[in-house]
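Try each task before you read its solution.

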Amino acid sequence: MASITRPHGFTAGIFGFLSSVIDLVYPTICVGCGKVISKSPIPVCVSCFAGLEEVEGGRTRSFLRSIAEMPAIDFACALWYYDEGSPVRMLHRSFKYDGFYSLGVRLGKLLGAHIERSLNGRQGPEVILPIPVHRVCLTERGYNQTEAMAAGVTEILNIPVETGALTRKRLSGSQTGLDRASRAMNLSGAFVLNSPDRIHGRRVLLLDDVITTGATIVEAVRTLGAAHPAACSIAALALVRPPGNLGGGRAVNARLHRRGSVTDNPRRTPDHRRRRLPPDHSSQ
Ligand SMILES: [Zn+2]
C-alpha cells in the first residue's frame, strides 16, 4: 500500500518551510475579517468561524444522488458551504494554490471530526482515497491538495490512506464556467484504476476538496466501480451551494448583511455599496 504522500519536490519543501517561518514571525491574520488573532489551528477568528455554515446532514448525499447516472454511494458529507465571500474560499485557495500544505492537514482534521459526527455510529470506511490530480498540477503545486487533507483525516479516523490505486490520466482543463453536462463530458475517462485489488471488497472513502457540480466525484466513483469496492463513500471540505438552495442559513445571511452585500433597505443602491457605506444598523 502506498503511504501518505508528502509534498513533492523541492518547491513544496520551500513552501512548507516558509509557511512555518511566517507562522513564527508574523501573527496570524483572519482570512475572513483581517483581524489579528492569537494562535489558532486555522487562520479564522472565533467570530468568522462561528459564521461558517456547515452543510446540513444528508444534503451532500441528496445532491449527489440527484445527479443523473450517479453510481451507488453509501455515505456522503461536506463540511462547509463554499459561498461567495466566505472565508472557506480563502482557506481553500491557501492550501490548494499558495503552498500551505500544513493548513490542508489541519483542515483535514476538522473534516475528519465532521465525518465522525456524520457517521453517527454507522459502520465507517476502511480506507481513504484522495482524489488524484494530474502530474502537471502536481508539478505546479508541489503536492496534491486532497492528500494534504487526507493526512489530517487519517489522524482522526485512524484508517490508512491509499494513493496510487487511482490516478488522473488526462488533464481536463479548467472546469470553471462549465455547466454540469459539460463538466461530465470534460471529465469522462479522466481517471484510471491501477490496482483494483487494493479496492476490491473494501469500504472506500473518496476525499475531495470542493464539490462543485459533482462531475469529478461521479467520474471517480464510476471508475472505482470496476474494482467492486464493498462500499463507496464521499467526503469533501466544501460544497458549492446547489441551485435551489440559495436562501442560505442564518450564518450566511448574517455575514452578507455584515458586509453590506444584501440589505432589506430598498433605498440602498449598488452605488451605496461601492462607496462602502456602513451596513444598516439592523444588521449589526
Ligand atoms: Zn475574522
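This is a predicted model: local features need pLDDT of at least 70, side-chain atom pairs count only at pLDDT 80 or more; totals for chains, interfaces and linings use all residues.

**Exercise 1. The sheet**

In what sense do strand 3 and strand 8 pair, and over how many bridges? Then place the pair in its sheet.

*Solution.* Residues are numbered from 1 along each chain as its sequence is written.

Step 1. Strand 3 and strand 8 (residues 231–239) are paired in the parallel sense, over six bridges. Strands here are DSSP runs of E with at least two residues, helices are runs of H or I with at least four, and both are numbered from the N terminus. Two strands pair if DSSP finds at least two bridges between them.

Step 2. Check individual bridges: Cys77 has Ala235 of strand 8 as its bridge partner, and Ala78 has Ala236.

Step 3. Widen the view to the open sheet, whose four strands follow the order 3-8-7-4 with parallel pairing. Its edges are strand 3 (75–81) and strand 4 (127–130), each pairing on one side only. From one strand to the next, the twist averages 20 degrees.

Step 4. Strand 3 is largely enclosed by the rest of the structure, because seven of its seven residues are buried. A residue is buried if 20 or more other C-beta atoms lie within 10 Å of its own, exposed if 12 or fewer, and partly exposed in between, with C-beta atoms placed from the backbone.

**Exercise 2. Helices across the sheet**

Which strands does helix 5 lie across, and which does helix 7 lie across?

*Solution.* Step 1. Helix 5 lies across strand 3 and strand 8, at about 130 degrees to strand 3. Helix 7 lies across strand 4, strand 7 (203–211) and strand 8, at about 125 degrees to strand 7. Axes are lines fitted to C-alpha atoms, for helices over the stretch in contact, and angles run from 0 to 180 degrees between N-to-C directions.

Step 1. The axes of helix 5 (residues 101–119) and helix 7 (residues 145–157) come within 6 Å and cross at roughly 45 degrees. The two helices are therefore oblique to each other. Angles under 35 degrees count as roughly parallel, over 145 as roughly antiparallel, 65 to 115 as roughly perpendicular and the rest as oblique.

Step 2. Helix 5 passes helix 7 in a right-handed crossing. A crossing is right-handed if the near helix is turned clockwise from the far one by less than a right angle, and left-handed if anticlockwise.

Step 3. Residues making this contact include Gly104, Leu107 and Leu111 of helix 5 and Ala148, Gly152 and Ile156 of helix 7. Contact requires C-beta atoms, placed from the backbone, within 7 Å. By class, the contact of helix 5 with helix 7 has 13 nonpolar, five polar and four charged residues. Here Ala, Val, Leu, Ile, Met, Phe, Trp, Tyr, Cys and Pro count as nonpolar, Asp, Glu, Lys and Arg as charged, and the others, Gly among them, as polar.

**Exercise 3. Another partner for helix 5**

Is the crossing of helix 4 and helix 5 left-handed or right-handed? Give the angle and the residues in contact too.

*Solution.* Step 1. The axes of helix 4 (residues 87–96) and helix 5 come within 7 Å and cross at roughly 130 degrees. That makes helix 4 oblique to helix 5.

Step 1. Their crossing is left-handed. Leu91, Ser94 and Phe95 of helix 4 make the contact with Tyr101, Leu103, Gly104 and Leu107 of helix 5. By class, this contact has five nonpolar, two polar and no charged residues.

**Exercise 4. Helix 9 and one of its residues**

How many residues of helix 9 are buried? Is Thr223 buried or partly exposed?

*Solution.* Step 1. Eight of the 11 residues of helix 9 (residues 215–225) are buried, so the helix is largely enclosed by the rest of the structure. Among them are Ile217, Val221 and Leu224.

Step 1. Thr223 also sits in helix 9, but Thr223 is partly exposed, with 18 other C-beta atoms within 10 Å.

Step 2. Not counting residues up to four places away in sequence, Thr223 touches Leu166, Phe191 and Leu193.

Technical notes
Two residues are in contact if their C-beta atoms, placed from the backbone, lie within 7 Å.
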